[in-house]
Amino acid sequence: MAAVTWRVVRRWCPSLPQVFRFPVAQVHLGRPKMRASQQDFENAVNQVKLLKKDPGNQVKLQLYALYKQATDGPCNVSKPGVFDLVNKAKWEAWNALGSLPKETARQNYVDLVSSLSPSSEASNQGKSGADVKVQESKDIVVTSEDGITKIMFNRPPKKNAITFQMYQDIILALKNASTDNSAITVFTGAGDYYCSGNDLTNFTSASGGMEKAAEGGAVLLREFVNSFIDFPKPLVAVVNGPAVGISVTLLGLFDAVYASDKATFHTPFSHLGQSPEACSSYTFPKIMGSAKATEMLLFGKKLTAREACAQGLVTEVFPDSTFKKEIWTRLKAYAKLPPNSMRISKQLIRKNEKEKLHAVNAEECSTLKERWLSEECINAIMSFLSRKSKL
Ligand code: COA
């Protein structure tokens, strides 16, 4: 990205003061709060004037973009000429926010400024080399470091099965990551599993009965998958162990998938009386051809990491003994690449598919809603829960 001087940014965004004189390594979003009021926003605008340290060009561009989005709405000015590097960088930052609602932009601006406040500056200092927590939730841990936002499934006793609450936490984490100052976003799992898929007790333990749970589940699933389809930055999966169900099908929406040789990939939908989700009914045949996709999605064939790599679902496989070291070294290097360039390239690669993916997602969710209420599905879930058989 073009170097942007603070003086020029300030000219575009008069609300930001000329107090940024020294570079700061990195700034992270604090714990998200919902619904900032206009007063919170104005306070944040004033708070920026009190900042003592320069948060760096990336953050200044973000502040600029969020401010414009919160006050003017989606980018409505024409793109500056190719040689007008500074204004082009700002235009790109604003334009990248797309149709983000004003209210959300206002909230993100307030969160970002709060993370820049003297107390946040102090708490972020001295933490270099350690992950900085940006979202706290027991079962999903979000940290940010070295230009990477890491979203980790953190429920090892249940093999990282995804509860309704975790779906919501991930939607929020992706929303925050799409506008934070990281270059790439990475999913991984704590413990020996990457993720065992949808928590099969989601429906049986829901209050209000199966029908209501299926209804709400379909709405939540659709929103969850949409947040992957629309995610603007490079999305990487670091598959540390076995992956089941939706944690596998989602991989078709990732930009790169790295796996330990201990990872396996299993989508036992027919065994559970269910049907594919996360656009896999479209992405899997496209990635691996329909014959191979059928074996996975209809017959529940479990693939080893090397088989998944040969089918094109996985980018590269590493020996488990060196997996973590090798992959994080590599990802840290990737995160240093110009972020706007990566984002724009991703957009070029993905944009022609988006509409199709949204349509596929909608259809898969409405099919699943029916499946969840089917006798085949209910029997399979009861059988798992009563441990008469395991997959
Ligand atoms: N939903 C709910 N609970 C799950 C789960 C899931 N998807 N996956 C694992 N768990 C729970 C188990 O019920 C068990 O809980 P418990 O200790 O209270 O009994 C705990 O996680 C450990 O799992 P366990 O089955 O004892 O470990 P395992 O190594 O023998 O088997 C799996 C691991 C993942 C193969 C097995 O648990 C399984 O088949 N889970 C279901 C996976 C699935 O079908 N996902 C949905 C796909 S659409």
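1. A disulfide is a pair of cysteine sulfur atoms within 2.5 Å. Keep that cut-off in mind for the cysteines here. The model is predicted, and the structure holds 0 disulfides.

2. A disulfide needs the two sulfurs within 2.5 Å. Cys279 is also buried, because its relative accessibility is 0%. Cys309 has 26% relative accessibility and so counts as partly exposed.

3. Salt bridges are another matter. A search of the whole structure finds 16 of them.

4. Start with Arg155 and Asp199. Their side chains meet in a salt bridge, with N to O at 2.7 Å. Arg155 sits in the loop between strand S3 (148–153) and helix H7 (164–179). Asp199 sits in the loop between strand S4 (184–189) and helix H8 (201–204). The pair therefore ties together parts that are 44 residues apart in sequence. Arg155 counts as buried, at 15% relative accessibility. Asp199 counts as buried too, at 6%.

5. Next comes Asp180 with Lys233. The two form a salt bridge, and their closest N and O atoms are 2.9 Å apart. This pair links distant parts of the chain. Asp180 is in the loop between H7 and S4, while Lys233 is in the loop between helix H9 (209–229) and strand S5 (235–239).

6. Asp255 lies in the loop between helix H10 (246–249) and strand S7 (256–260), and Arg350 lies in helix H15 (residues 339–372). So the pair ties together parts that are 95 residues apart in sequence. Asp255 counts as partly exposed, because its relative accessibility is 33%.

7. Which residues are linked with Asp255 in a network of salt bridges? Lys346 and Arg350 are linked with Asp255 in that network.

Terms used. Residues are numbered from 1 along each chain as its sequence is written. This is a predicted model: local features need pLDDT of at least 70, side-chain atom pairs count only at pLDDT 80 or more; totals for chains, interfaces and linings use all residues. Side-chain values use heavy atoms; hydrogens and water are left out. Buried means under 20% relative accessible area, exposed over 50%, partly exposed in between (1.4 Å probe, protein chains only). A salt bridge is a side-chain nitrogen of Lys or Arg within 4 Å of a carboxyl oxygen of Asp or Glu. Helices (H or I, at least four residues) and strands (E, at least two) are DSSP runs, numbered from the N terminus.
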